[in-house]
Amino acid sequence: MNPLLEQFLSEAREFLQGIAEKLMQLENTPDDSYLLVELFRLVHTLKGNSGLFEFPEMTRVLHAGEDLMDAVRDGRVGFSQKLADDLLDAMDFVSVLCDQIEQGGKIEADMTVDSYRLAESLRVLMASQMTSAQTPVVDDAQPASTKDTINFLALNQLPETVRIDAYTRAMAGETLYWVIYTPIENCFFQGEDPFFTARQTPESLWGQISAQEAWPPLAELDAYRSALRFEALSAASREELIEHYRYVEDQIQLIPVDPWSFVIPQGNPNGGPVYEDFVLDALQYMDAGDLTALRSVAETMLQLSNPELWLSSALRWLILLLDTVPPNHQAITILIESLRSLKAPDWSLLTDTLPVVTAVAVAPTIETGSEIKTPVETSSVTRADAKEISEADALALASIFATQLQILQLDDNASWQLGRIKAVAGVLLNCCKAIDDTHAIAAIEEALAASLAAENSAPLIDWLTARSLNVAVVKPVAEPIAEEPPIGLKTLDEAAPMPTVEEITPELVSADDVPKFGRRPDESTAAKSLKVDQAKIDRLMNLIGEIVVSKNALPYLAQRAEEQFGVRELSREIKAQYAVINRIAEEMQDAIMQVRMMPVSFVFQRFPRLVRDISRKLGKEVHLVLEGEETEADKNIIEALADPLIHIVRNSLDHGLELPDVRRAAGKPASGTLTIKANQEGDQVIIEIIDDGKGIDPEVIKRKAYEKNIIDEATLERMSDLEAVNLIFAAGFSTAEVVSDLSGRGVGMDVVRTAVEKVNGAIQLDSQVGKGTRIRISLPLSMAVTKVMIIESDDQVFGMPMDHVVEIVRIPVSELTSIKQSLTTVFRGKIVALKSLNSLLGLPAEPIVNSDGEVAVLIARLGNEVVGLIVDDFHETIDVIQKPLTGVLAGLGAYSGSALMGDGSVLMILNVRGIV
Amino acid sequence: MKRILIVDDAATVRMYHRNILESAGYSVDEALNGIEAIEKALQESFDLYIVDVNMPKLDGYGFLRELRGENISQVPAIMVSTEAEANDQVAAFKAGANGYLVKPVKPEQLLTHVRLLIGETV
Amino acid sequence: MAIEYKKNQAVFVDVVSVDEAETLLDWLQNKPNAKIDLGRCSHLHPSNLQVLLAAKVSIAVWPKDINLRAWLESILTITQAV
């Protein structure tokens, strides 16, 4: 993907997020004019950005959104819930388009019609809410021909296929004649068969019979008095036709038919909406001279429309007109315009009935005073020193000069007028420099001085007026200057389309492959930030991981230097160097960690929308409070947090918070409050989700857990309320009686717990019946580096994450007691179950008892419980970069991962939950 | 080397213009809004400003008025906008722009105007 | 025979000449609900057509000859629609 597109997508997502936020803020404060202005600006800028690419589907929807927001900002349309909903939908659509672009580099074809539909719905909404009724009224949707000849010739009776054939032939240079043959009354007596004659019309494309008068009752009919008229459309030459009708020459009329009069869209005008945006887009393509794109959108529209519709017929014609060589731009424009009104194209507007190549739409010129309009005849005024300049430059120059004249002629008496005059003089000087017109420079400076002295622009206007005559000289004589549109209006050279952005950017940026980030891509000037591809950070992360591992080899080296080679001095030096490298590596690691840190707002920002949508669906009133959004944690942690948090929030909305009536009955405010807050405690991030809903009844939970065989009766008896409510995190437990459409889905809170524990976090819930529920999630700030304690058992070493280590103790064998089948000991006044690591891992060896008759016990934390692991020995703690197990190893529940040790060996990291 | 300040709140548009201008050998700086642009204009001199209309804090009109009115810089300025209406152009000229280009600006169109307004020979 | 008259249907066969019109007119005056089978008709003199039009008959079978059918449809269908 080219860097510009990357930049666009990344910025688009920011804007979409911003738009959604602003919309939701506006729901609370619909009159906040600052918000309205900001919202407009975001939509407007996003639309502008999308215009740099060929994403008409996106631009179309955004354009409609921009117009709508413009109207809201100006007070023409009031802000409403419906409006917010529709705009949010539109932004969701744009977001989908962004995804498609990111994944496939393009927008899927089937989005076209949706984009029209969405844009249309926004426009309809806007029109319907306009305070002053400015909506154009479509008076009569019935297509009516405007040109008499069409009615007269009854061309609209011809089937479309015949007219297409006729049009195609006419465009190929054939002249088509409409033959009207009105046989005389007594022709039958002369042995004639006018019908046969008519049917034999050479190169007849179509024919019809009509009655010249109403038929009398059958009894009065004179069958031998001819009362019919025959008409035929023929591609034969005039001579051939006259030859054919030579005996009845006086009874026929030959009318050459203008090819455009065949172009009559027909069909059901009411069957489908006509998309104003399609018309606008089509006209824009015309302006840009991009007939290929126009043809392709027309084709898409046609495929999606019922062929019986008037619209479809018009589209078929449009495509035919586009395929005609050379295409007639004016005719195409007229046809597109007819799509808007659903009326037959008004071909009388065509200035030339022959196919014309030239672009006809000449932009209106800005009033520039009479002086500038007459340069065509002044080619005698030549400048000897005038440099030969290109036509493009000449046109640009003329337009720049015209603009400067316009600026000088502004009569707003602005206080900054002198500055404006200086700037204009600067422009004139520069332009003359650009064309090497050194003579002019002195004259401009003189005029500027005079203007400044007089504090008005007259001297410069004089110079410019005189000058504009000269400028015309370098222009092609045939082209009057007045036709040059001022800068900004569409350029003249429609026929030669400029390369599109997509084509030129790779070339422009090929010099260096690195994305050219703006110096300050961030909105705030204070915090200068840089957007970096995640992959680059990950690479840094891996590299620092390798350094950490490599440096861990140094202590081993020092050890060998001393023990194996007996050079104690060297060993000490290595250790000293190690200390330095170790410090730098740690700092570096820390610095990279910092880069990976991101605020929880990344996850929080989706909640306003989520809460709004869900609560509305449930008919609940919810006030969402977000706190501590700036709290940071490692990107992986934040990302891992998203799904569990959404699940919890859904649960709270679904089961926690009550309906307004229920709340009122319970003496609570109708609107519930859901608070999501984050803060940092030591090296942990704490996220709390608090609702003031109905709470969780521990008795209900206990009963259910018992029913579901999650706890036995004994546990049921002695369980505290707190323990009970936390049972909702147990596997296979779901509190909802009925699986709800929102949070149900067959997964319970155990999924949340699993997700949190996966990133070494813990989750806890406390609740008061009738008051509400609080869920507290604690997470490590970072998961990239794990501190592990090396433990030894049966001559093997393992890593035990320090998060789980409560304490390490040596306990005399005499203090171990067996309760039922399990070994326990009393530790700090509590009974702790002891398990032998060897037996847990399936190792046959017995734990080693040291000379003092003690076993080594590692007290490990397991959620809210502790368990003692009997091992053979403890070693040091080290930092490791834990790598997930892959392949068959990934299935081993006993290990959470592996880490590379300084000596090159692999350390298996124990997963306490998996073994106990 | 001629220096150009791009004043635009949209990073994508800045990058687009920057790519075009840098490929033609101009040195480019960026400002995200009118206030930042004024700060930059006060600190160093540019040969041309390319100014967006709609920006937070201070919009393009405000920036140009300040530029011209406070005599901060009187070098040429081009306003870029998505609107092609004549009254939008007049508003730009009134504020102090010397040129008006409709977004998306075609690279050749931009470069031709920049070159002429800056006063560089072909 | 160019027109075969059946109980309530006139069947036009091949070319129906100007001479048939009189008979057709008489027949139709007596059979106001008669239908016309043009299936095998390749051409009919316009005098016959005028009779069909004035009688506002309904066409039971349209000509197989596409060209003829197109011409006839341009006026017979319109008449019927009225």
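# Close-up views of a predicted model

**View 1. Val96(A) lies in helix α4 of chain A.** Helices are DSSP runs of H or I with at least four residues, strands are DSSP runs of E with at least two, and both are numbered from the N terminus. Everything shown here belongs to a predicted model, in which local features need pLDDT of at least 70 and side-chain atom pairs count only at pLDDT 80 or more, while totals for chains, interfaces and linings use all residues. Residues are numbered from 1 along each chain as its sequence is written, chains are lettered from A and ligands numbered from 1 in the order in which they are written, and side-chain values use heavy atoms, with hydrogens and water left out. Val96(A) has a relative accessible area of 37% and is therefore partly exposed, a class that lies between buried (under 20% relative accessible area) and exposed (over 50%), as computed with a 1.4 Å probe on protein chains only. From the C-alpha atom of Val96(A) to that of Met58(A) the separation is 9.8 Å, although the two residues are 38 residues apart along the chain.

**View 2. Helix α23 of chain A covers residues 607-618.** This helix has 12 residues and reaches 16 Å from its first C-alpha to its last, close to the 16 Å expected at 1.5 Å a residue, where the expected span is 1.5 Å times one less than the number of residues. Among the buried residues of α23(A) are Phe607(A), Leu610(A), Val611(A) and Ile614(A). The buried residues of this helix pack against several elements of chain A, including α1 (3-28), α4 (81-104) and β8 (672-681), and contact here means heavy atoms within 4.5 Å. Just after α23(A), Gly619(A) takes a positive phi of about 75°.

View 3. A salt bridge is counted when a side-chain nitrogen of Lys or Arg is within 4 Å of a carboxyl oxygen of Asp or Glu. Side chains of opposite charge can pair when their charged atoms come close. Glu699(A) is partly exposed at 46% relative accessibility, whereas Lys702(A) is buried at 9%. Glu707(A) is exposed, with a relative accessible area of 54%, while Arg703(A) counts as partly exposed at 45%.

**View 4. In chain C, Arg40(C) forms a salt bridge with Glu4(C).** The closest N and O atoms of this pair are 3.8 Å apart. The pair links distant parts of the chain, since Arg40(C) is in strand β3 and Glu4(C) in strand β1 (residues 3-5), 36 residues apart. Both residues count as partly exposed, Arg40(C) at 45% relative accessibility and Glu4(C) at 27%.

View 5. The rule finds 1 salt bridge across the interface, and the side chains of Asp9(B) and Arg41(A) meet in a salt bridge with an N to O distance of 2.4 Å.

**View 6. Chain C touches chain A through 28 of its residues, which are in contact with 29 residues of chain A.** The area buried between these chains is about 2200 Å², of which carbon and sulfur atoms give 67%. His43(C), Gln50(C) and Trp71(C) supply 33% of the area that chain C buries against chain A, more than any other three residues. Across this interface the rule finds 1 salt bridge, and the side chains of Arg199(A) and Asp65(C) meet in a salt bridge at 3.3 Å, N to O.

Methods
Buried area = accessible area lost by both parts, 1.4 Å probe.
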